[in-house]
Amino acid sequence: WVKNNLNKAYYERTRDKEARGETSNSGFGAKFDKMKTVFTTAEGVQKGLDFAASIGEKFGHIGQWKNVLVSGMCTVIMLVASLLLYYVSIRYLILAWGLNKFRKFYFKPNLVDNNELVDLLSRVPSFPEIERFRQIRVKGRRDGGAGDAVSERSIKGD
């Protein structure tokens, strides 16, 4: 996959250069272009892995009750779903889901369907987001009054 994308990006870049009249078929220019392509592809792969790790962390945070409101809502939804599956046959649920999907498409053909799971996960922080938004307490202040949490920049005096 990476090799195919690497070659694709390299050939697209060389085709664009040839269209502009900047040919560098040999020497340092060609090697530099290939290195740029490798770094661009590696950056794309790193972003994809970061996104996948972030999704996994968010599911873990739901299970660890880091965001109490979202975790409680998921617990209630799972409880209702288990009771529904206990009392109603799965055939009827699939039939109702399919009819609802066709009904939406028939009555509102221009409707943009959203992904509720992605909306839910966007409200749960991952580890880098928790670190980024963490508040730092000032040493020596124990009264808990206003200004208890201060950013790191104001502590250092920047």
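This section describes the fold, core, surface and local geometry of a predicted model.

The structure is a prediction, in which local features need pLDDT of at least 70 and side-chain atom pairs count only at pLDDT 80 or more, while totals for chains, interfaces and linings use all residues. Residues are numbered from 1 along each chain as its sequence is written, and side-chain values use heavy atoms, with hydrogens and water left out.

The chain holds 7 helices and 2 strands. Helices here are DSSP runs of H or I with at least four residues, strands are runs of E with at least two, and both are numbered from the N terminus. The order from the N terminus is α-α-α-α-α-α-β-β-α. Of the 158 residues in the chain, 13% are buried. Buried means under 20% relative accessible area, exposed means over 50%, and partly exposed lies in between (1.4 Å probe, protein chains only). The chain exposes about 13,600 Å². Carbon and sulfur atoms supply 61% of that area. Accessible areas come from the Shrake-Rupley method with a 1.4 Å probe, and for residues only the protein chains shown count as cover. Among contacts in the chain with a separation of 6 or more, 55% join residues 24 or more positions apart. A contact means heavy atoms within 4.5 Å.

The largest nonpolar core has 6 residues: Ile62, Val70, Cys74, Leu120, Leu121 and Val124. Helices α3 and α5 (116-121) each supply at least two residues of this core. A nonpolar core is a set of buried Ala, Val, Leu, Ile, Met, Phe, Trp, Tyr and Cys residues joined through side-chain atoms within 4.5 Å.

Leu120 lies in helix α5. Its relative accessibility is 16%, so Leu120 counts as buried. Beyond residues up to four places away in sequence, Leu120 touches Ile62, Val70, Met73 and Cys74. Leu120 and Lys58 are 62 residues apart in sequence, yet their C-alpha atoms are 9.7 Å apart in space. Leu121 is in contact with Ile55, Lys58, Phe59 and Ile62, leaving aside its neighbours within four places in sequence.

Cys74 belongs to helix α3. Cys74 counts as buried because its relative accessibility is 16%. Not counting residues up to four places away in sequence, Cys74 touches Ile62 and Leu120. Cys74 and Ile62 are 12 residues apart along the chain, with 8.1 Å between their C-alpha atoms.

The surface carries a nonpolar patch of about 540 Å², made by Leu79, Leu83, Tyr86 and Tyr87. Patches are made of residues with over 30% relative accessible area and no salt bridge; like charges are joined within 9 Å, and nonpolar side chains (Val, Leu, Ile, Met, Phe, Trp, Tyr) within 5 Å. Tyr87 lies in helix α3 (residues 68-87). Tyr87 counts as exposed because its relative accessibility is 66%.

Helix α4 (residues 90-107) has 18 residues. The helix reaches 26 Å from its first C-alpha to its last, close to the 26 Å expected at 1.5 Å a residue. The expected span is 1.5 Å times one less than the number of residues in the helix. Helix α4 is hardly covered, with a count of 1 buried residue among its 18 residues.

A search of the whole structure finds 1 salt bridge. The side chains of Lys47 and Glu43 meet in a salt bridge at 3.7 Å, N to O. The term requires a side-chain nitrogen of Lys or Arg within 4 Å of a carboxyl oxygen of Asp or Glu. Lys47 and Glu43 are separated by about one helical turn because they are 4 residues apart in helix α2 (residues 28-63). An α-helix has 3.6 residues a turn, so residues three or four places apart point the same way. Lys47 is exposed, with a relative accessible area of 55%. Glu43 is partly exposed, at 42%.

Trp65 has a positive phi of about 60°, although it is not a glycine. Most residues other than glycine have a negative phi. Trp65 sits in the loop between α2 and α3. Trp65 counts as partly exposed because its relative accessibility is 42%.
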